Amino acid sequence: MEAPLEDETPAGALAGIEVPDHGEELKASDEALTLMSSFEPAELQKCVFPDSLVTVSESGRDLGRFSVSVEFARRGQQTCMLLHAQSQGAIDDSPCGTTVTAYLTMDLEVLEEDYHEYVKLEGHSLDKRCHMVQRDGQLVINKVTTVGEVRDDVVMSANLLLSNDCKEVTKESALYPMSVLSGLVTEGSNLLLMRLIALRKKVPEKMTFISFDQGLHIIHTTFSELGLKQLEMGDEMVEVFGVQRIVHFVEDSPTTWQCYFLPNGHLASRVQVGSPVTMRLLQMPSQLEKGFEKIPLLWEGDMQMRSKFLDRKEELKADNASYLRQHPEIRALISDFLQFLLLRKPDDVFQFAREYFLPNASRRPPEPNLTP
């Protein structure tokens, strides 16, 4: 997968972004920096697979889903790792979710990351978005927090959703030189780092990294080993390896996450200490994965294959663009549907779509009679 690069920032475009005081900044330990730079391509290749877990309450009630996938990607001319994680569910019947998309170097350095978290209570909503990207040797961070009381008086326009909601929007920005962010672990890189550690089945001592708190200030986060234990999965007991991560906040109490992994690196259990919610794997990954080593297709280095890929890519783009020009009603149809969807905000999107497009079914051309 290829990711578009950010547009070059004009001079002065970063004006107004807070430049934090680096006088007493925390740093990662030498042992942590050594670990991050020690991972080999073969180890990263073993991490390329998806995980899917269910989120359950203490009583065993199904609350939602958690998934995380890792794959190789290209960002501009740079080969990198693409991690995508998503958690969706409901707590006390209130929809909530988190999505993380991160582009990471082979040393787990963040090139770009998007983080989105939301909670929708009855008549109230909380939405947090944070975007960070490397630019000119610095990490630019922009965070937007929206808290609001949702009302029904919504006005729609052709390409813009205008709302009279009572919302409070807080915007925060920070700018850090990459030189002070060695050993940075974000929400995205944390998931890949844990997977790599689990495959080695050992957490070195003095694993102290740096991270960001809610105010975008540098804090410490530490990793430690929980060892091996037996975990019930379906009808069998399996051996799992545990890794613990503690985020040390300056003013608040630390937050502790405990994750257990199968020998092949698949996540078996994930829980925040003190939370009544647990993410767990219900059944073993497919047995088909055993005995088959994944061999990466390095087509980018093959000039002939890359040339065919680029030719086919341009051919498809031109063909799709031509079709859309010939059928302008497609854009209008999709635009109208999205506007109506956002206006109604139905719980069952599939049923809503079926009822919305059902009147158009009578306009389809008659099916050809294939009976001889």
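Select Phe 352 to begin: with a relative accessibility of 10%, this residue counts as buried (under 20% relative accessible area is buried, over 50% exposed and anything in between partly exposed, with a 1.4 Å probe and protein chains only). The model is predicted, so local features need pLDDT of at least 70 and side-chain atom pairs count only at pLDDT 80 or more, while totals for chains, interfaces and linings use all residues. Residues are numbered from 1 along each chain as its sequence is written, and side-chain values use heavy atoms, with hydrogens and water left out.

**The aromatic rings**

The structure contains 9 aromatic pairs; rings of Phe, Tyr and Trp (its six-membered ring) pair if their centres lie within 6.5 Å, and planes under 30 degrees apart count as stacked, over 60 as edge-to-face and the rest as tilted. Helices (H or I, at least four residues) and strands (E, at least two) are DSSP runs, numbered from the N terminus. Phe 340 is partly exposed, at 29% relative accessibility. Now extend the selection to Phe 337, Tyr 356 and Phe 357, which ring pairs link with Phe 340 and Phe 352 into a cluster.

**Charges over rings**

Next, display Trp 257 and Arg 270: Arg 270 lies over the face of Trp 257, 4.2 Å from the ring centre. A charge sits over a ring if NZ of Lys or CZ of Arg is within 6 Å of the ring centre and within 35 degrees of the ring normal. Then move to Tyr 260, where Lys 229 lies over the ring face at 4.1 Å from the centre.

Select residues 50–56, strand β2, together with β3; the two run antiparallel and are joined by 7 bridges. Two strands pair if DSSP finds at least two bridges between them. Within this pairing, Asp 51 has Val 68 in β3 as its bridge partner. β2 and β3 form a hairpin with 5 residues between them, and Gly 60 in the turn has a positive phi of about 90°.

Continue to strand β4 (residues 78–91), which pairs with β3 in the antiparallel sense over 12 bridges. Ser 69 has His 84 in β4 as its bridge partner. The hairpin of β3 and β4 has 2 residues between the strands, and Gly 76 there takes a positive phi near 70°.

**Salt bridges**

Finally, show the charged side chains. A search of the whole structure finds 7 salt bridges, each a side-chain nitrogen of Lys or Arg within 4 Å of a carboxyl oxygen of Asp or Glu. Among them is the contact of Arg 75 with Glu 112 (3.2 Å, N to O).

Compare Arg 65 and Asp 62, whose side chains meet in a salt bridge of 2.9 Å, N to O. Arg 65 is partly exposed, at a relative accessible area of 43%, and Asp 62 is partly exposed at 43%. As a last stop, select Asp 127 and Arg 129, which form a salt bridge at 3.3 Å, N to O. Here Asp 127 is buried, with a relative accessible area of 19%, whereas Arg 129 is partly exposed at 45%.
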